[in-house]
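Here are my notes from going through the model. Have it open in your viewer while you read.

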Amino acid sequence: MKNRTLGSVFIVAGTTIGAGMLAMPLAAAGVGFATTFVLLFTLWAVMCYTALLLLEVYQHVPADTGLGSLARRYLGKYGQWVTGFSLMFLMYALTAAYISGAGELLAASISAWLNISLSPTTGVLLFTLVAGGVVCAGTSLVDLFNRFLFSAKLLFLVVMLALLMPHIHKANLLTMPLEKGLALSAIPVIFTSFGFHGSVPSIVSYMGGDIRKLRGVFITGSAIPLVAYIFWQLATLGSIDSPTFIGLLASQAGLNGLLQALREVVASPHVELAVHLFADLALATSFLGVSLGLFDYLADLFQRRNNVVGRLQTGAITFLPPLAFALFYPRGFVMALGYAGVALSVLALLLPSMLAWQSRKHHPQSGYRVPGGKPALCLIFACGIAIIVIQFSIVAGLLPEVG
């Protein structure tokens, strides 16, 4: 590609702005816009900082080094095992969820457009074959597809915002948190909405390890979702009144309930269409980014060659397990997604802080270094532990579940 920097920015932003964005208003409804804004900015800063920590560590190794190899080099075999388990747990679960969701949407769309009956199973197989084939072909093709899909996704996001903005009421934005526990429960939802760290090794390799350009990629690529999330929360929380949101949370109406509320506010079917098209594209771009990171990790783990045979072998171990679960045991990965915040905390907070700590001991005076020193690394590690505790508290029923 002529401009890999732009393509890499789109991969970061496309991976981050996923279908989970549609659940964010439900997570923020009981928190209030002001608190949500603070959480969005704080968690973006934390996640952007840890991506730069990974970049700092990568400057001392070949650009095509996988995350597992990086963990083994600085944290030993136990660090490699924990990293590998967390990454595969998270990315296999996400890949299976995206395959299942996108496959069903694809089947429904083809059935409607061509006036034929296509089963969800056929849609899942078709989506996996096409989208998985793009990933197997290499990062350049993922970049090309992602640019088109991400541009279309931004278009529909702008359409949604344009339709909703005239209906914003200041009083709705001044709503205070309903209870303190909801603010804590919203943290994992917002935190996972900034997760792109599994794709960092693929992007570093794609950019040839160029530290200066990669800094811009991670800062800009993660800032685009921040801006999009702020405007999306402003539009949804400002246009739907608090009693309606409380009713949605109480009835656990989920995304369908949110769509109905938006349609009633705007009194136009165009909002629902724009949201559905946005969700379709969000699934596709998130799938490309997540599965690309998983593909490159497994290629590094099993030392598969970068040729046709090697990439087909890696593609098989990347897509066949989540495809099988999506077809035969979908509830298993739905349950696993409940622990996504735990795995992401390990990958995006604990691991970067520990890797940077060890890397600085090995290279005390050389190269690029993220500001903050040891206090910042300790703070990042503590944030990781805190989010893990919050996630387990939600699963255990000690905190209310939102989103």
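This is a predicted model: local features need pLDDT of at least 70, side-chain atom pairs count only at pLDDT 80 or more; totals for chains, interfaces and linings use all residues.

1. Start with helix H5 (residues 120-137) and helix H13 (residues 269-301), which pack with their axes 10 Å apart at an angle of about 55°. That angle makes H5 and H13 oblique to each other. As for handedness, H5 and H13 cross in a right-handed sense.

2. Who makes that contact? On the H5 side the residues are Phe 127, Ala 131, Gly 132, Val 134, Val 135 and Cys 136. H13 brings Phe 287, Leu 288, Ser 291, Leu 292 and Phe 295.

3. On to charges: how many salt bridges does the structure hold? There are 2. One of them pairs the side chains of Arg 360 and Glu 56, at 2.8 Å from N to O. Arg 360 sits in helix H16 (residues 340-362) and Glu 56 in helix H3 (residues 33-58), so this bridge ties together parts that are 304 residues apart in sequence. Are these two partners buried or exposed? Both Arg 360 and Glu 56 are buried.

4. Asp 143 and Arg 147 also form a salt bridge, with the closest N and O atoms 2.8 Å apart. This one stays inside helix H6 (residues 139-164): Asp 143 and Arg 147 are 4 residues apart there, so about one helical turn separates them. Asp 143 has 0% relative accessibility and therefore counts as buried. Arg 147 has a relative accessible area of 18%, and since the cut-off for buried is under 20%, Arg 147 is buried as well.

5. Last, have a look at Ile 203, which lies in helix H9 (residues 200-206). With 1% relative accessibility, Ile 203 counts as buried. What does Ile 203 touch, leaving out residues up to four places away in sequence? The list is Ser 8, Ile 11, Val 12, Leu 214, Val 217 and Phe 218.

Conventions:
Residues are numbered from 1 along each chain as its sequence is written. Side-chain values use heavy atoms; hydrogens and water are left out. Axes are lines fitted to C-alpha atoms, for helices over the stretch in contact, and angles run from 0 to 180 degrees between N-to-C directions. Helices (H or I, at least four residues) and strands (E, at least two) are DSSP runs, numbered from the N terminus. Angles under 35 degrees count as roughly parallel, over 145 as roughly antiparallel, 65 to 115 as roughly perpendicular and the rest as oblique. A crossing is left-handed if the near helix is turned anticlockwise from the far one by less than a right angle, and right-handed if clockwise. Contact means heavy atoms within 4.5 Å. A salt bridge is a side-chain nitrogen of Lys or Arg within 4 Å of a carboxyl oxygen of Asp or Glu. Buried means under 20% relative accessible area, exposed over 50%, partly exposed in between (1.4 Å probe, protein chains only).
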